[in-house]
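This report describes selected features of one protein chain. Please examine the sequence and the structure before reading on.

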Amino acid sequence: MVAEEAAAGDATPASDATGVTPAKGVPSAQPDGKSSRAGRNLPAALGVGFALGLSLIAILLFVPKVLVGVAAAAIAVATWEVAKRLREADVLVPRIPLILGGQAILWLAWPFGADGVTGAFAGTALVCMGWRLFDHGLAATPRNFLRDTAITLFVLAWVPLLAAFAVLQLLQEDGNLRVLTFMILVVCSDVGGYVAGVLFGRHTMVPAISPKKSWEGFVGSLVFCIIGGLLTVTLLLQANSMIGVLAGIAVVLVATGGDLVESQVKRELGIKDMGTLLPGHGGIMDRLDSMLPSAFVSWLVFTTLL
């Protein structure tokens, strides 16, 4: 979530037992006059956020199937961003099969549902293993094969596989409203965390990962998300309000976790953002870090209880 990310504090180079070294030549982030306490250009972030939000709402209400193409394009860019950053840190993830396989995971969800997602994921994983094994030619000895392949499979699950649950959800009865609901819940979590964090934030949650994320902000996310869940599930999905409460709590937990996961990845790579495509937000992946796990958990809650 953009709301409580650190500015320069989240870009501390690090290295761990995986052998991933920080990207070289990454400039440190310097605050400017427009930066908020979250370390972002707030006017730019709000403008981009509103534009994206209104566009997605229009798509979901009037041409919901178009969201499959929008999601596929976003995931392709996000995968490319992550792969580029990893390769800058000398982690040789195979970009071409990752991107093409991610597209297969999303598009095969449309005609074949979960079976298509599972098959495409397994097939892409096998191709990525073979690609990395021979990416220097048949006569070369692979270097860091186990590390690079493990990270490749992590990216495959982290980005396109989790995104596929938004497509699976979209294809269900009243799926456009289900997707709209979980997106609203992520926004509630983000806004609640920002407001409470800026106004009351005193006690940091995990300073080693995200120094400006506070427990007060988490409580704000929880309150906003529960209220949002009650309203959206009751009014949009015409379902029991307690399902909204459960969905709200679940989304807060995984959205916050998703944000922390990306923060840790960026910290290990020594970068502030995955990309620069969205002013005030960073890259596409920086905007999807909370959405991706929320797509899965909302699919799980709604498919099970509605």
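## Annotated spans

How far apart do the end C-alpha atoms of residues 218-237 lie, and what percentage of the span is helix? The model shown here is predicted. In it, the end C-alpha atoms of residues 218-237 are 26 Å apart, and the span is 90% helix and 0% strand.

Another of the listed spans, residues 92-110, is 79% helix and 0% strand, with its end C-alpha atoms 31 Å apart.

## Packing of α2 and α3

Two packed helices are described by the angle between their axes and the distance between the axes. For helix α2 (residues 66-88) and helix α3 (residues 95-107), the angle is about 155 degrees and the axes lie 9 Å apart. Angles over 145 degrees count as roughly antiparallel, and α2 and α3 are therefore roughly antiparallel to each other. The crossing of α2 past α3 is right-handed.

On the α2 side, the contact is made by V68, G69, A71, A72, I75, A76, T79, W80, A83 and R87; on the α3 side, by R95, L98, I99, Q103, L106 and W107. Sorted by class, the contact of α2 with α3 contains eleven nonpolar, three polar and two charged residues.

## Salt bridges

Side chains of opposite charge can pair when their charged atoms come close. The model has eleven salt bridges. One of them joins the side chains of R287 and D190, at 3.0 Å from N to O. R287 belongs to helix α9 (residues 284-288) and D190 to helix α6 (residues 175-200), so this pair ties together parts that are 97 residues apart in sequence.

Definitions and conventions:
Residues are numbered from 1 along each chain as its sequence is written. This is a predicted model: local features need pLDDT of at least 70, side-chain atom pairs count only at pLDDT 80 or more; totals for chains, interfaces and linings use all residues. Side-chain values use heavy atoms; hydrogens and water are left out. Helices (H or I, at least four residues) and strands (E, at least two) are DSSP runs, numbered from the N terminus. Axes are lines fitted to C-alpha atoms, for helices over the stretch in contact, and angles run from 0 to 180 degrees between N-to-C directions. Angles under 35 degrees count as roughly parallel, over 145 as roughly antiparallel, 65 to 115 as roughly perpendicular and the rest as oblique. A crossing is left-handed if the near helix is turned anticlockwise from the far one by less than a right angle, and right-handed if clockwise. Contact means heavy atoms within 4.5 Å. Ala, Val, Leu, Ile, Met, Phe, Trp, Tyr, Cys and Pro count as nonpolar, Asp, Glu, Lys and Arg as charged, and the others, Gly among them, as polar. A salt bridge is a side-chain nitrogen of Lys or Arg within 4 Å of a carboxyl oxygen of Asp or Glu.
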